[in-house]
Amino acid sequence: MKEEEVNRCQIQEWYPKFKSVSIKTRIHELPESFVQYLLDDSGPFLLPVSISNEDALPNRIHNPEEEDDYQVVEGSDDESEQPSLPPSFPELELEIKESIASLGGAVFPKLNWSAPKDSAWISTIGTLRCSTFSEIALLLRSSDSLVHDLCHAYDSCSDKTSSRPKSFFIALRKWYQSLQPEMEFRCFVRNQNLVGISQREATTFYPSLLEKKDHLSVLIEDFFMENLRSRFESENYTFDVYVTKDERVKVMDFNPWGAFTLPLMFTWEELEQNENEQGDGVEFRIVESQCGVRPGLKTAVPYDYVDTSSGSGWDQFFRNADEELQLQTRSPEAGA
């Protein structure tokens, strides 16, 4: 993989070219001071001071007695350890506020490549939906997955010259409440041929996809041929699409081939061996029964926050889940 292939998958690079077949997005270059704020883990967790007096956690309870614990008396021995003042990014906040309003009042954010999906649990509604700059800052500052964008974007590149791009951008994507997770798919392109399509949400069985599978495959293949094959410059890459209720296909994202990109219901070895010539039929994989789903953990908090030690309750949950999976895979229906 080359750096140029990774760079083509940055949203600020591909969106202007494909915005007519994507969802509405506003993109802003981030000041380096904000990038350093996201990277700084040397002190307490501080959210930026909002010039609009917006609070990312409006329902939290402020306890004046607890705040007194952090007051430093002038001349005391602790004066040198006085905590830093929260940062402020007034120009960026105003730009983002304007973009949020232009996109209908709600957006989900992402950086050059990644969205802070791992920090959705910390928002008041458990999703990436944001209506203020403070909510966006909270998600970005809380995300571990964004460290990839910030520090390790080129780690898999054979011609790596840097650990990060020169500039970072934030993309604000219009929030659609009606989006259905079962209608998003990851597509794999090798030698400019579409060689595989996978259900994007691979941890859930959606019965409705069984009857739609063949038709969806045709829609996605036609979309690829008409809009992407001759226009996206990499030979090997992946792209995610969403199919709307009226059967329009929207490109949601591009990712490099291999490396940190998840192959979902395929393996990279399978995809590497697939030399499908366009027109020979594309393998389309979905979860076709409940037996094909490994029981997942959906607790709205990071996996690392779950106590799985003996006696915690979750240890028994995992044992029961594994036993159930083994029973399902041994059942006559599983081999049908």
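**Packing, aromatic and charge contacts in the predicted model**

With a relative accessibility of 3%, F232 counts as buried, where buried means under 20% relative accessible area, exposed over 50% and partly exposed in between (1.4 Å probe, protein chains only). F254, at 0% relative accessibility, likewise counts as buried. The structure is a predicted model, in which local features need pLDDT of at least 70 and side-chain atom pairs count only at pLDDT 80 or more, whereas totals for chains, interfaces and linings use all residues. Residues are numbered from 1 along each chain as its sequence is written, and side-chain values use heavy atoms, with hydrogens and water left out.

A search of the whole structure finds 20 aromatic pairs, a pair being rings of Phe, Tyr and Trp (its six-membered ring) with centres within 6.5 Å, called stacked if the planes are under 30 degrees apart, edge-to-face if over 60 and tilted for the rest. Among them, F34 and Y37 form a tilted pair, with 5.7 Å from centre to centre and 45° between the planes. Both residues belong to helix 3 and are three residues apart, about one turn of the helix; helices (H or I, at least four residues) and strands (E, at least two) are DSSP runs, numbered from the N terminus. F34 and Y37 are both buried. A stacked pair is formed by F232 and F254, whose ring centres lie 4.2 Å apart and whose planes make an angle of 0°. This pair links distant parts of the chain, 22 residues apart, with F232 in the loop between helix 8 (208-228) and strand 6 (237-243) and F254 in strand 7 (residues 249-256). F232 and F254 also belong to one aromatic cluster, together with W14, Y15, F18, F224, Y237 and F239.

Three strands make up an open sheet with the order 1-3-2 and antiparallel pairing, two strands being paired if DSSP finds at least two bridges between them. Its edge strands, each pairing on one side only, are strand 1 (25-29) and strand 2 (107-110). On average, neighbouring strands of the sheet are turned by 20° against each other, direction ignored, with axes taken as lines fitted to C-alpha atoms, for helices over the stretch in contact, and angles running from 0 to 180 degrees between N-to-C directions. Strand 2 and strand 3 (residues 169-174) run antiparallel and are joined by four bridges, and V107 stands opposite K174 in strand 3. Helix 5 (residues 90-102) packs on the sheet, where it touches strand 1, strand 2 and strand 3, and its direction makes about 175° with that of strand 1.

Helix 6 (residues 133-142) is mostly covered, ten of its ten residues being buried. Its buried residues are covered by elements including helix 3 (32-39), helix 5, strand 2, helix 7 (146-151) and strand 3, contact being defined as heavy atoms within 4.5 Å. R141, one of the buried residues of helix 6, lies over the face of F45, at 5.4 Å from the ring centre. The charged end of K174 sits over the ring of Y176, 5.7 Å from its centre; for such an arrangement, NZ of Lys or CZ of Arg is within 6 Å of the ring centre and within 35 degrees of the ring normal.

Twelve salt bridges are found in a search of the whole structure, each a side-chain nitrogen of Lys or Arg within 4 Å of a carboxyl oxygen of Asp or Glu. In one of these, E272 pairs with R190, and the closest N and O atoms are 2.8 Å apart. E272 is partly exposed, with a relative accessible area of 33%, whereas R190 is buried, with a relative accessible area of 16%. A further salt bridge joins the side chains of K213 and E288 (3.0 Å, N to O). This pair also links distant parts of the chain, 75 residues apart, K213 being in helix 8 and E288 in the loop between strand 8 (283-285) and helix 10 (314-330). K213 is buried, at 19% relative accessible area, while E288, at 45% relative accessibility, counts as partly exposed. R248 and D246 form a salt bridge in which the closest N and O atoms are 3.0 Å apart; R248 is partly exposed, with a relative accessible area of 43%, and D246 is partly exposed, with a relative accessible area of 49%.
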